[in-house]
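Let's take a walk through this model together, helix by helix. Have the sequence and the 3D view ready as you read.

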Amino acid sequence: IARAEVAVELKDIQDKDAVSPSKKIQALLVKMVKSMHVKHYEYVLELAAQAHKIDKIALEPYCLAAEALANQGKIKEAKEELRFALKINPLFAPAHYLFGTFCVEEGQIEQGCQFFKKTLYLDSNFVLAHFDLANIYKNEGKDNEAIREYRNALNILVKMSSFDIIPYSGGFNATVITGVCKSNLERLKVS
């Protein structure tokens with residue numbers, strides 16, 4: 001779908017809430033996530049295009065396409081996908097989270113932190129935003145802040161099944177993220 005067409009149609013739907021994805025979109029999302037895990041990024045982008053033909057305002061395909069593009073080193077294009085998602089719904093936490101990860105990857109740590117904080121403002125249970133903030137604080141020597149964020153992440157993770165895959169984690173499950181949080185907390189308490 002042409003970006004210009006999306007931009008024109010976005011103007012008509014900005015005041016409407018994004019509708020929940022249809023069963024077809026859900027099926028495509030499952031394929032996209034599975035393809036992402038096996039690093040078939042071009043196929044993820046094809047599936048995202050199919051999803052946009054079905055429902056131009058479904059938000060997840062934009063984020064998954066952004067992830068696929070970023071994994072191919074196409075950060076500028078990835079950010080553009082996120083901008084489209086945020087035009088549809090400026091309060092879509094995953095798009096803010098991914099912007100934060102891109103900023104951190106580009107060395108813009110403070111800007112990344114701001115995106116993570118906005119993500120948590122929009123969705124206080126977004127475990128990876130807590131986790132990534134904790135890692136940044138730990139690296140900056142802000143031990144108290146890091147401990148707080150690791151604990152926040154653990155409080156969310158404890159409510160999940162140990163085998164639940166954490167969205168936007170690259171396929172890691174709750175057990176792995178829990179282990180990293182606990183390990184880092186132990187190190188922080190020792191120092």
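Predicted model: local features only at pLDDT ≥ 70, side-chain atom pairs only at ≥ 80, totals over all residues.

Residues are numbered from 1 along each chain as its sequence is written, and side-chain values use heavy atoms, with hydrogens and water left out.

Start with helix α2 (residues 23–37) and helix α3 (residues 41–54), whose axes lie 9 Å apart at an angle of about 170°. Helices here are DSSP runs of H or I with at least four residues, numbered from the N terminus; axes are lines fitted to C-alpha atoms over the stretch in contact, with angles from 0 to 180 degrees between N-to-C directions. The two helices are therefore roughly antiparallel, a label for angles over 145 degrees, with those under 35 counting as roughly parallel. On the α2 side, the contact (heavy atoms within 4.5 Å) involves K24, I25, L28, K31, M32, S35 and M36, and α3 answers with Y41, Y43, V44, L47, A48, Q50, A51 and I54. Sorted by class, these are eleven nonpolar, two polar and two charged residues. Here Ala, Val, Leu, Ile, Met, Phe, Trp, Tyr, Cys and Pro are nonpolar, Asp, Glu, Lys and Arg are charged, and the others, Gly among them, are polar.

Now move to helix α4 (residues 60–71) and helix α6 (residues 93–105), whose axes come within 10 Å and cross at roughly 15°. This pair is therefore roughly parallel. E60, C63, A66, E67 and A70 of α4 touch P94, A95, L98 and F102 of α6; seven of these residues are nonpolar, none polar and two charged.

Helix α6 has another partner: its axis and that of α8 come within 11 Å, crossing at roughly 25°, so α6 is roughly parallel to α8. Y97, T101 and V104 in α6 meet L128, A129, D132 and I136 in α8.

Finally, look for the largest pocket, with a volume of about 750 Å³. By class, the lining holds 22 nonpolar, seven polar and five charged residues.

For reference, a pocket is an open set of points on a 1 Å grid over the protein atoms alone, where a 1.4 Å probe fits, with protein on both sides within 12 Å along at least five of seven lines; lining residues have an atom within 4 Å of a point. The volume is the space filled by probe spheres set on the points, which are joined across faces, edges and corners.

Technical notes
Parallel < 35°, antiparallel > 145°, perpendicular 65-115°, else oblique.
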